[in-house]
Amino acid sequence: MAFSDHWQTLNWDDIRLSIYSKTEADVQRALAKPKRNLEDFKALISPAAEPFLEAMAQQAAALTRRRFGYTVNFYVPLYLSNLCANACTYCGFSMENRIKRRTLSLDDIERECEAIKAMNFDSILLVTGEHQTKVGMDYFRTSVPAIKHHFSYLAMEVQPMETKDYAELKGLGLDAVMVYQETYNRSTYAEHHLRGNKTDFAFRLDTPDRLAQAGIDKIGIGALIGLDEWRTDCFFVASHLEYMERTYWRSRYSISFPRLRPCEGAVQPKSVMTDRQMVQLICAYRLLNSEVELSLSTRESPEFRDKVLPLGITSMSAASKTQPGGYADDEPELEQFSVSDERSASAVANAVKAAGFEVVWKDWEQGYSG
């Protein structure tokens, strides 16, 4: 049994119709309950919930303070390579884009790590394009230990791998893996993933299962908001989270909700999410699950990130560079996507502190129990 088996029992069109048929009474019932289920989540992300945004925000903020206090984890992405063997319509690293490709050497990595450590980070997210041969396990066997030497907490966002590979990487110091399905609509997925291993919808869908089976401490899931109708995609993320927590209770989980940003060869979003709707989604995730970590990246504007921080966000990136060598080099390569919040790490930290929160530069230790 894997999530792909459960996914086959879910009908996209039926779920979409169910979400849009929710009424104000359904929303009020969901808000009155001490514990919500997926049907309540449908109501909370439905158009009927939009007039209840203030009530949702108050409850979400209270739940977040009760579980996470006033702490916000800071992390930074380190892009190791923009090599990619996939053709994806929305990504600047797509193999069909004629760009200068670069993979960091160990010397490059050392300089990047030193530049990042100078900004005070102790939690790092390693990112690569998806290229099994040139940026695969052989590369990770040398690069991961070199990077772990500098940082207490190490996460990765790379191509999906087998359980044995994740287990080996865990032994080398890997703590967390983020793997986003992009969209849970299989036909839409096929429209945007044209060539390469990423065309395998089911293999990607079951990656969180393999991560949990390998004993990875934290697993991040999510959808790329805009590839398809956002409410339905985000319901599938919630369903995926519920399945993972029920099946693999030893791992921790996080959710990200990236909106499509401008990039080389970008596609226009099929579903546009407003800022108010993003707030609605953040609150709905928190009202559904008080334990899940919610992460907000520098894709969002400084003003928006500062305003939504109290509502449910538990981790944020800062000072992000989305190209290899972005921290130590003066010659930038092509970015994977455009960053909206371009503030320095210290500026973001000061804004977080001004809002009454404490910045945590290192993720929780493994075994942290709250």
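**Close-up 1. An aromatic cluster in the predicted model.** Phe 3, Trp 12, Tyr 184, Phe 235, Phe 236, Tyr 243 and Tyr 248 make up one aromatic cluster. Rings of Phe, Tyr and Trp (its six-membered ring) pair if their centres lie within 6.5 Å; planes under 30 degrees apart count as stacked, over 60 as edge-to-face and the rest as tilted. By this rule the count comes to 15 aromatic pairs. The model is predicted, and local features need pLDDT of at least 70, side-chain atom pairs count only at pLDDT 80 or more, while totals for chains, interfaces and linings use all residues. Residues are numbered from 1 along each chain as its sequence is written, and side-chain values use heavy atoms, with hydrogens and water left out.

**Close-up 2. The aromatic pair of Tyr 79 and Phe 93.** A pair of aromatic rings is described by the distance of the centres and the angle of the planes. Here the centres are 6.0 Å apart and the planes stand at 85°, an edge-to-face pair. Tyr 79 belongs to strand S1 (residues 71-81), and Phe 93 to the loop between strand S2 (87-88) and helix H6 (106-117), so the pair ties together parts 14 residues apart in sequence. Helices (H or I, at least four residues) and strands (E, at least two) are DSSP runs, numbered from the N terminus. Tyr 79 is buried at 4% relative accessible area. Phe 93 is buried too, at 1%. Buried means under 20% relative accessible area, exposed over 50%, partly exposed in between (1.4 Å probe, protein chains only).

**Close-up 3. The aromatic pair of Tyr 139 and Phe 140.** This pair is edge-to-face, with 6.0 Å centre to centre and 65° between the planes. Tyr 139 is buried, with a relative accessibility of 13%. For Phe 140 the value is 0%, and this residue also counts as buried.

**Close-up 4. Helix H5 against helix H13.** The axes of H5 (residues 53-68) and H13 (residues 275-288) come within 9 Å and cross at roughly 45°. That makes H5 oblique to H13. Axes are lines fitted to C-alpha atoms, for helices over the stretch in contact, and angles run from 0 to 180 degrees between N-to-C directions. Angles under 35 degrees count as roughly parallel, over 145 as roughly antiparallel, 65 to 115 as roughly perpendicular and the rest as oblique. From H5, Leu 53, Met 56, Ala 57, Gln 59, Ala 60, Leu 63, Thr 64 and Phe 68 meet Arg 276, Val 279, Gln 280, Cys 283, Ala 284, Arg 286 and Leu 287 of H13. Contact means heavy atoms within 4.5 Å.

**Close-up 5. Positive phi at Asn 120 and Ala 319.** Most residues other than glycine have a negative phi. Asn 120 has a positive phi of about 90°. Asn 120 sits in the loop between H6 and strand S3 (123-128) and is partly exposed, at 44% relative accessible area. Ala 319 has a phi near 55°, also positive. The loop between strand S10 (315-317) and helix H15 (345-354) holds Ala 319. Ala 319 is buried, at 13%.

**Close-up 6. The surroundings of Lys 22.** Lys 22 lies in the loop between helix H2 (12-20) and helix H3 (24-32). Lys 22 is buried, with a relative accessible area of 16%. Leaving aside neighbours within four places in sequence, Lys 22 contacts Glu 39, Lys 42, Ala 43, Ser 46 and Ala 48.
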